[in-house]
Structures are given as structure tokens and as C-alpha cells.
Amino acid sequence: MSAPQATEQLVAPPSTGTGRMHRPVRAVVALAELLAAGAAVWAAFWAWPRGFSTITTVIAEGTVLESQRIYGNWLAAAIGFGTVAALLVLDAVRQVLLAVRARPRRARKDKASGGDPGAAPAARPEANSDAAADASEAVSDARVSGDD
């Protein structure tokens with residue numbers, strides 16, 4: 001007794017997405033990101049000098065003491081704004097590349113099938129008779145029910 005033979009072929013499920021990456025709207029998104037990156041750079045330059053202050057003290061004998069106070073919150077904000085600007089520019093470049101360069105692949109024309117990309121390539125005439133005989137034997141063997 002032998003195991004039953006599978007008669008159905010496994011088929012991949014159909015695609016659920018459009019699979020299309022070329023969308024010109026991405027260029028508008030990139031422009032908005034570049035504007036936001038410009039605002040973040042401006043904010044970084046605005047916040048950086050607020051992180052330092054000079055304190056001047058005059059003591060009894062006329063000696064002037066100067067010291068610098070560093071405010072870490074302003075410096076951290078400036079560094080954060082710069083980081084956000086860099087990430088926005090990086091994503092804007094990605095958006096532009098997706099808007100301009102990524103296009104759906106065109107089907108290549110097969111020379112042997114006469115330009116139909118879905119058609120099977122044409123076989124050599126001398127191999128057709130042998131290939132047809134082998135294929136018919138393989139199909140008849142695959143449809144055996146398993147009742148020996």
C-alpha cells in the first residue's frame with residue numbers, strides 16, 4: 001500500500017497590495033520635510049546661545065570675577081533640534097528617490113514567444129516529440145489513485 005499522491009499544485013496567494021512605489025505625492029512630502037528641517041535648524045541655532053550665560057561679580061578690592069554658567073537643557077534642545085533636522089533631511093532624500101526613481105518593472109519581451117511575456121518559450125522542433133512523450137507519461141503517473 002502506498003501513500004496517496006497529491007494531484008493539486010500549491011499556488012501562492014494573490015497579492016493584497018498594489019505593489020506600486022512610484023508615487024509623485026512623495027515629492028510633496030519631501031518638500032514639507034525639508035521645510036520642517038529648516039525650521040529645526042533655525043531652532044537649534046536659536047537655542048544654542050541660550051545655553052551659556054556670563055556671570056560677572058566685583059569683589060571689595062575692585063577685582064572682577066567672570067564665570068560661565070552652562071544650561072544643559074538649552075544645549076540638549078539645540079542638539080535635539082539638529083538631530084531631528086538631520087533625520088528629516090535623510091527621509092526627504094528617501095522620499096524624493098521613491099517619487100522619482102522607483103517605477104514598476106516592465107515585462108520583458110521574450111524573443112521566442114513573439115513578444116508575449118506570459119507565453120512559454122518555444123521549444124526546438126526535434127525535441128517536441130520526445131518531450132511530449134515524457135510529459136504524457138509523467139501526467140499519467142501523477143494521476144494514479146493509489147489503489148494497488
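Predicted model: local features only at pLDDT ≥ 70, side-chain atom pairs only at ≥ 80, totals over all residues.
Q: Axes are lines fitted to C-alpha atoms, for helices over the stretch in contact (heavy atoms within 4.5 Å), and angles run from 0 to 180 degrees between N-to-C directions; how are helices α1 and α2 oriented to each other?
A: Residues are numbered from 1 along each chain as its sequence is written, and side-chain values use heavy atoms, without hydrogens or water. Helices α1 (residues 25–47) and α2 (residues 72–100), which are DSSP runs of H or I with at least four residues, pack with axes 8 Å apart at about 165°. Because angles over 145 degrees count as such, α1 and α2 are roughly antiparallel.

Q: How many residues of the contact of α1 with α2 are nonpolar?
A: Where α1 and α2 pack, with their axes 8 Å apart, the contact includes two polar and four charged residues. The nonpolar residues there number 22.

Q: How is the pair of W42 and W46 arranged?
A: The structure holds three aromatic pairs (ring centres within 6.5 Å, Trp by its six-membered ring). W42 and W46 lie four residues apart in α1, so about one helical turn separates them. Their ring centres are 6.3 Å apart and their planes meet at 15°, under the 30 degrees required, so the pair is stacked.

Terms used. Helix = DSSP H or I, 4+ residues; strand = E, 2+ residues; numbered from the N terminus. Parallel < 35°, antiparallel > 145°, perpendicular 65-115°, else oblique. Nonpolar A, V, L, I, M, F, W, Y, C, P; charged D, E, K, R; others polar. Phe/Tyr/Trp six-rings, centres within 6.5 Å; stacked < 30°, edge-to-face > 60°.
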